[in-house]
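Here is a short tour for a first look. Keep the sequence and the 3D view side by side.

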Amino acid sequence: TDSDSSDRPIFTDLASLYAALAEEDVPPPVPSGAFSERLVPGEGPPQAPILLVGEQPGDQEDIEQRPFVGPAGRVLDACLEEAGLQRGQTFLTNAVKRFKFVPRGKRRLHQTPTAGDIAHYRWWLGEEIRLVGPRLVVSLGATALHALTGKRQSLGPLRGQAMAWQDRRLLPTVHPSFLLRLPDASARAVERARFVEDLRAAREALG
Ligand code: URA
């Protein structure tokens, strides 16, 4: 069920969009787990020229209700800086607005969002992008790319290159947590350098 726009008000600012999201949003049922009751809104300058889309908040993001404040966020911050971009110059948000997890003892294990979860939040993500009005959108990982383009496609041939998307540009790259999951240190260094290159390409695509 794609989230539908037809009977919604036009939002004029992010604060009212997030307030409506917090109030109206009933996340899709999860067969073996849960969505957090907390919502994680996007964060950054309200008219940032570059907007980054992640997958969904993680455990730490859910607790702080801020995007990219956990381990993946630390990698992202460092790589942005190496690419000559400051986190504070970008608008950071997620395709899915709540942490989806399975409880395991005291821990909450991240669950990958389904196509239905992505569709559920797609309209809200589109509104967020419209309100910020970035010239360039960077998708971090396959889920974000899926959310933005409406189809699942492989990142390989697309990453690092800005393409026309709606009336903006879209540059797909990997998700920073992909780097954290690579067990081999030298592979990790190679992939991290590629990620920094992609972010540099994003900075350059801004002109
Ligand atoms: N991973 C994401 O995709 N988003 C976050 O906010 C944190 C981790």
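The model is predicted.

## The nonpolar core

In soluble globular proteins, nonpolar side chains tend to be buried together. Here the largest nonpolar core holds 37 residues. Leu51, Val53, Ala95, Val137 and Val138 touch the most other members. At least two residues each come from strands E2 (50-54), E3 (90-94), E6 (136-140) and E8 (168-173). H4 gives the most, with six residues.

Beyond its neighbours within four places in sequence, Ala95 is in contact with Val53, Glu55, Gln56, Ile118, Tyr121, Leu125, Thr143, Ala144 and Ala147.

## Where H3 meets H7

The axes of H3 and H7 come within 8 Å. They cross at roughly 60 degrees, so the two helices are oblique to each other. The crossing is right-handed.

H3 brings Cys79, Leu80 and Glu82 to the contact. H7 brings Arg192, Phe195, Val196 and Leu199. Five of these residues are nonpolar, two are charged and none is polar.

## Two positive phi angles

Phe68 is not a glycine, yet its phi is positive, at about 55 degrees. Phe68 sits in the loop between helix H2 (59-64) and H3. Gln166, also a residue other than glycine, has a positive phi near 50 degrees. Its loop runs between strand E7 (163-165) and E8.

Which of these counts as buried, and which as exposed? Phe68 has 26 C-beta neighbours inside 10 Å, so Phe68 counts as buried. Gln166 has 11 inside 10 Å, so Gln166 counts as exposed.

Notes. Residues are numbered from 1 along each chain as its sequence is written. This is a predicted model: local features need pLDDT of at least 70, side-chain atom pairs count only at pLDDT 80 or more; totals for chains, interfaces and linings use all residues. A nonpolar core is a set of buried Ala, Val, Leu, Ile, Met, Phe, Trp, Tyr and Cys residues joined through C-beta atoms within 7 Å. A residue is buried if 20 or more other C-beta atoms lie within 10 Å of its own, exposed if 12 or fewer, and partly exposed in between; C-beta atoms are placed from the backbone. Helices (H or I, at least four residues) and strands (E, at least two) are DSSP runs, numbered from the N terminus. Two residues are in contact if their C-beta atoms, placed from the backbone, lie within 7 Å. Axes are lines fitted to C-alpha atoms, for helices over the stretch in contact, and angles run from 0 to 180 degrees between N-to-C directions. Angles under 35 degrees count as roughly parallel, over 145 as roughly antiparallel, 65 to 115 as roughly perpendicular and the rest as oblique. A crossing is left-handed if the near helix is turned anticlockwise from the far one by less than a right angle, and right-handed if clockwise. Ala, Val, Leu, Ile, Met, Phe, Trp, Tyr, Cys and Pro count as nonpolar, Asp, Glu, Lys and Arg as charged, and the others, Gly among them, as polar.
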